[in-house]
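Student: I would like to go through this structure step by step. Please begin with the ligand and its surroundings.

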Amino acid sequence: MHTIDDFTRPREYLSPLDEYMGKIVRDWAEKEVIPFRRNYDEDWKEHNIIEPAFDKLMGELGMQRVLFPEDLGGWGLGHSHYIGSASFRMFEEVARADSAIAVAFGVVFWPLIMICNKPHVNRRLCEEFSPLFCQTDKAVFAANAMTEPQGGADIENLDIVKGTTIETTAILEGDEWVINGHKLWPTNSGGIADLFGVVCTTNPGSDDVNDFAFIFVPADTPGVTQGGPYQKAGMAADKNGDIWFENVRVPAFYRACGPGDDYKYFKEVISFGNLGSISFVSGAMLNVYEILREFVDTYFFKGKPLKEHDAVAGVLADLAKDIEIIRIIGYQYARMIDRPDIYGDRWSDEIVAKGRAYKYFACDRAVEDLGKAMNLMESYGSERCWDIEKHWRDLKIVQLWMGGKQLCQMETARLFFDCQTL
Ligand SMILES: Cc1cc2nc3c(=O)[nH]c(=O)nc-3n(C[C@H](O)[C@H](O)[C@H](O)COP(=O)(O)OP(=O)(O)OC[C@H]3O[C@@H](n4cnc5c(N)ncnc54)[C@H](O)[C@@H]3O)c2cc1C
């Protein structure tokens with residue numbers, strides 16, 4: 001019988017960790033998440049049921065350490081040539097069980113990319129923050145605080161807007177940054193995060209990329225306030241809320257890469273955000289395939305299993321075709337990220353824009369396919385016990401974040417049609 005493992009992956013360039021890590025995460029997902037995930041929606045605020053799954057994966061199994069250098073207790077993924085393909089596998093396996101756990105787990109690494117990845121490793125900050133993640137068996141969360149009340153898409157639209165709309169300010173006073181501002185929506189906010197990577201400006205309204213700053217702020221620094229989590233349509237395992245920074249003081253060396261380089265390498269953060277989003281779609285869709293298989297094998301119409309009817313098989317083929325393609329595209333993008341010597345820098349406008357194109361392709365296909373899958377299942381599609389409607393709610397949310405579909409379209413058009421003003 002065919003399974004999820006028959007969807008194609010590029011076997012010639014999987015990471016050396018692939019088999020080992022994939023198996024560990026799959027076992028964890030099957031024991032710690034899938035049997036409990038149906039109760040996650042009600043646990044959106046407290047995380048009583050959800051938290052043990054995070055602790056097991058990130059703390060006990062040590063997955064929150066992977067980006068840090070080995071001599072600091074990490075697995076050295078940040079300086080490997082397989083960070084993209086290893087991450088894709090890891091996140092896909094998590095998202096097969098729950099894409100909100102995948103994003104909450106993935107965003108732990110998101111701000112750390114700025115300091116752990118070759119060629120811009122900030123050794124001093126790795127030493128500063130690695131104990132938080134590497135010397136505990138409890139889950140520790142980081143957050144990437146970009147979005148502000150006046151708009152998230154503009155802040156991510158780096159190429160054109162160049163940080164001119166950022167209102168969170170960082171002023172250097174002696175050997176400290178003083179940060180003021182209001183962020184909202186970051187994954188792992190809502191009271192969860194222990195460490196923020198904060199997108200700031202050192203000169204409000206400036207389009208000088210030297211004024212774009214990425215500064216780390218431990219969540220317990222005086223002046224940091226986190227609001228409670230928002231209640232969303234899905235993705236209960238990911239908490240999102242408001243964060244206020246009022247005269248928050250952190251050491252000057254907490255700036256990730258420095259003038260010009262913060263802007264440049266933040267684009268790499270965006271590339272990884274796109275890669276992660278595709279892997280969440282791919283993982284969740286693999287589970288949709290598993291659920292549908294069970295349904296069309298066991299439900300009968302006119303004496304034959306559903307799948308043996310032409311009209312049904314056509315829809316099943318559409319879904320399988322899309323899962324196959326989304327997975328291939330995701331791994332291709334992972335490969336492009338792993339091999340900058342072939343495809344160009346991860347922070348190049350080309351890699352960012354191609355990631356946006358693949359991300360919105362994957363999300364669009366998945367959202368449409370989930371609608372079709374639910375139609376096939378009729379009333380059962382809406383029934384929580386099948387988990388299809390869960391993936392439908394969750395993947396719609398993946399489509400919305402990181403500037404939404406429009407920013408993906410703008411950046412793709414800008415790249416391929418040399419648009420000058422978008
Ligand atoms: C579950 C979840 C997790 C999230 N995680 C994070 C996170 O980790 N960190 C973080 O900082 N934020 C996070 N966000 C916030 C998210 O990234 C933003 O909501 C998103 O970027 C859009 O910003 P906005 O809501 O402010 O909309 P706006 O930026 O105000 O955009 C409004 C509308 O205008 C469109 N638009 C914007 N610019 C253009 C343009 N140039 N051309 C055409 N249309 C345009 C947008 O596509 C959108 O339709 C998360 C959101 C969710 C739901």
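**The ligand and its shell**

Tutor: This is a predicted model. In the shell around the ligand, the largest share, three residues, comes from β3.

Student: Which elements give two or more residues to the shell around the ligand?

Tutor: The space that the ligand takes is the largest pocket. Two or more residues of the shell come from each of these elements: α7 (153-156), β3 (176-187) and α15 (404-417).

Student: How many of the shell residues are charged?

Tutor: The ligand is surrounded by 20 residues, with Asn-144, Thr-147, Gly-152, Ala-153 and Gly-403 the closest. Nine residues of the shell are nonpolar and nine are polar, and the charged ones number two.

Student: Between which domains does the ligand lie, and why?

Tutor: Domain 2 covers 143-258, and domain 3 covers 262-417. Both give residues to the shell, so the ligand lies between domain 2 and domain 3.

Student: Where is the cis peptide bond with omega of about 5°?

Tutor: One of its residues, Pro-119, lies in the loop between α5 (113-116) and α6 (123-134). The cis bond joins Lys-118 and Pro-119.

Student: What is the phi of His-47?

Tutor: His-47 is in the loop between α1 (18-33) and α2 (51-60). Although His-47 is not a glycine, its phi is positive, at about 60°.

Notes. Residues are numbered from 1 along each chain as its sequence is written. This is a predicted model: local features need pLDDT of at least 70, side-chain atom pairs count only at pLDDT 80 or more; totals for chains, interfaces and linings use all residues. Side-chain values use heavy atoms; hydrogens and water are left out. A residue is near a molecule or strand if one of its heavy atoms lies within 4 Å of it. On a 1 Å grid over the protein atoms alone, a cavity is a set of points where a 1.4 Å probe fits but cannot get out, and a pocket is an open set with protein on both sides within 12 Å along at least five of seven lines; lining residues have an atom within 4 Å of a point. A molecule sits in a cavity or pocket if more than half of its atoms lie within 2 Å of its grid points. Helices (H or I, at least four residues) and strands (E, at least two) are DSSP runs, numbered from the N terminus. Ala, Val, Leu, Ile, Met, Phe, Trp, Tyr, Cys and Pro count as nonpolar, Asp, Glu, Lys and Arg as charged, and the others, Gly among them, as polar. Domain bounds come from an automatic or database domain assignment.
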